[in-house]
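Here's a quick briefing to read with the model open beside you. Take a look at the structure first, then work through the topics below.

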Amino acid sequence: MFEYLKYEVNNNIATITVNRPKALNALSAEVLDELFEAFMAAENDSDVGAVILTGEGRAFVAGADISQMVVLTGIDGQTLMKKGALVMNHIEEISKPVIGAINGFALGGGCELAMACDIRIASVNAKFGQPEVNLGIIPGFGGTQRLPRLVGKGMGKYLMMTAEIINAEEALRIGLVEKVVAAEDLISTCESIANTIMGKAPLAIKALKVAVNQGIMLDVKTAVALEGEVCCAPFCSEDRKEGMNAFLEKRPAKFESK
Ligand code: CO8
């Protein structure tokens with residue numbers, strides 16, 4: 001189905017693995033196209049309740065493909081930037097939870113890809129950074145915006161201006177990742193988190209994503225009004241009745257609606 005990705009669905013979890021290990025999974029235009037298609041497939045598959053995104057070998061993704069970018073004109077560069085930004089937005093906006101399993105280098109476009117995920121779990125071997133200024137460019141797949149939103153303006157500028165590569169513990173300390181685990185536990189930890197989330201009401205998870213992703217770009221008052229609008233769908237669902245009745249009846253809830 002894909003040349004540069006592995007795509008597997010097991011137990012309602014779609015695992016997407018960037019599979020170009022000889023180039024440390026660098027994001028060529030072709031890989032970006034396939035990522036868009038793979039996330040579209042996961043979104044459209046009613047058997048899929050969550051997505052795990054990871055990389056094959058010793059990298060998550062070591063960035064946009066420098067050997068492809070080196071020959072681009074300014075206009076071609078803009079086209080690539082738009083493609084990358086579109087893919088990251090698409091990943092962020094799908095209705096299902098996306099967990100980044102960061103197994104190794106997550107640099108440049110790779111760190112931007114990780115930041116498009118809802119939740120990031122890092123292996124102790126993971127390394128993060130935005131080294132674009134070393135190449136005479138700046139992050140172009142959303143990094144200048146998502147990094148400060150995750151780690152703060154000062155730390156975001158520090159990382160982007162110095163191009164410093166940080167380890168998983170430092171990424172955890174600054175809030176770039178949510179957990180750090182042993183390499184051998186990475187996928188099972190992500191699967192366990194995916195299963196936990198899939199046990200909740202899907203409409204609530206979907207609404208949460210919209211409220212957080214869209215609300216964070218607004219002033220608080222407007223964002224709270226958005227939260228009020230977005231919470232209507234889960235509140236009006238059968239799952240709300242089920243969840244509340246289950247609590248009162250002291251039994252686990254069984255959610256049905258998608
Ligand atoms: N692009 C293309 N090939 C890469 C990339 C990359 N980003 N990263 C690694 N590779 C290749 C290497 O060229 C090498 O290939 P080969 O074996 O054919 O020589 C292979 O992967 C293995 O890499 P190394 O031998 O360098 O492995 P090391 O363990 O010595 O080093 C590093 C690992 C530290 C990860 C090193 O490879 C490195 O620094 N890579 C580049 C990291 C980087 O600068 N990333 C940012 C790229 S720019 C970007 O992502 C911007 C996105 C938005 C741009 C929008 C504008 C259009």
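Let's start with Gly142, which sits in the loop between strand 8 (127–129) and helix 5 (143–151). Helices here are DSSP runs of H or I with at least four residues, strands are runs of E with at least two, and both are numbered from the N terminus. Gly142 is partly exposed, with a relative accessible area of 22%. On that scale, buried means under 20% relative accessible area, exposed means over 50%, and partly exposed is in between (1.4 Å probe, protein chains only).

Before you go on, two notes on the numbers. This is a predicted model, so to speak of a local feature takes a pLDDT of at least 70, side-chain atom pairs count only at pLDDT 80 or more, and totals for chains, interfaces and linings use all residues.

- Gly142 and Ala116 are 26 residues apart along the chain, and their C-alpha atoms are separated by 8.5 Å.
- Ile165 and Leu135 are 30 residues apart in sequence, with 15 Å between their C-alpha atoms.
- For Gly109 and Met1, 108 residues apart along the chain, the C-alpha separation is 24 Å.

**Ile165**

- You'll find Ile165 in the loop between helix 6 (153–162) and strand 9 (166–167).
- Its relative accessibility is 38%, so Ile165 counts as partly exposed.
- Setting aside neighbours within four places in sequence, Ile165 is in contact with Leu107, Lys127, Phe128 and Gly129. Contact means heavy atoms within 4.5 Å.

**The ligand and its shell**

- Which residues come nearest to the ligand? Of the 24 residues around the ligand, they are Arg58, Ala62, Ala64, Ile66 and Gly109. A residue is near a molecule or strand if one of its heavy atoms lies within 4 Å of it.
- A polar side-chain atom of Arg58 lies 2.8 Å from an oxygen atom of the ligand.
- A backbone N or O atom of Lys22 is 3.4 Å from an oxygen atom of the ligand.
- Ala62 has a backbone N or O atom 2.9 Å from a nitrogen atom of the ligand.
- On its own, the ligand has 1100 Å² of accessible area, and the protein covers 63% of that. Accessible areas come from the Shrake-Rupley method with a 1.4 Å probe; for residues, only the protein chains shown count as cover.
- Helix 2 (66–69), helix 3 (74–93), strand 6 (105–107) and helix 4 (109–116) are the elements that give two or more residues to the shell around the ligand. Helix 3 gives the most, with three residues.
- Sorted by class, the shell around the ligand has 14 nonpolar, five polar and five charged residues. Ala, Val, Leu, Ile, Met, Phe, Trp, Tyr, Cys and Pro count as nonpolar, Asp, Glu, Lys and Arg as charged, and the others, Gly among them, as polar.

**Gly109**

- Gly109, one of the residues that come nearest to the ligand, has its place in helix 4.
- Is Gly109 buried or exposed? Gly109 is buried, with a relative accessible area of 4%.
- Leaving out neighbours within four places in sequence, Gly109 is in contact with Leu27, Gly63, Ala64, Met88, Glu132 and Phe141.

**Asp65**

- Asp65 is found in the loop between strand 4 (59–61) and helix 2.
- Asp65 is buried, at a relative accessible area of 6%.
- The side chain of Asp65 makes a polar contact of 2.8 Å with the side chain of Arg20. A polar contact is a pair of N or O atoms within 3.5 Å; within protein, one must be able to donate a hydrogen and the other to accept it, and residues adjacent in sequence count only if both atoms are side-chain atoms.
- Another polar contact, of 2.6 Å, joins the side chains of Asp65 and Ser67.
- Apart from neighbours within four places in sequence, Asp65 is in contact with Arg20, Ala26, Leu27 and Ser28.

**Positive phi angles**

- Most residues other than glycine have a negative phi.
- Asn25 is not a glycine, yet has a positive phi of about 65 degrees. Asn25 lies in the loop between strand 2 (13–18) and helix 1 (29–44) and is buried, with a relative accessible area of 0%.
- Lys250 also has a positive phi, near 55 degrees, in a residue other than glycine. Lys250 belongs to the segment after helix 12 (238–248) and counts as exposed, at 77% relative accessibility.

**Domains**

- The protein chain is divided into domain 1 (5–198) and domain 2 (202–248). Domain bounds come from an automatic or database domain assignment.
- The C-alpha centres of domain 1 and domain 2 lie 26 Å apart.
- How many residues of domain 1 are in contact with domain 2? 10 residues of domain 1 are in contact with six residues of domain 2.

Key
Residues numbered from 1 in each chain as written. Heavy atoms only, no water.
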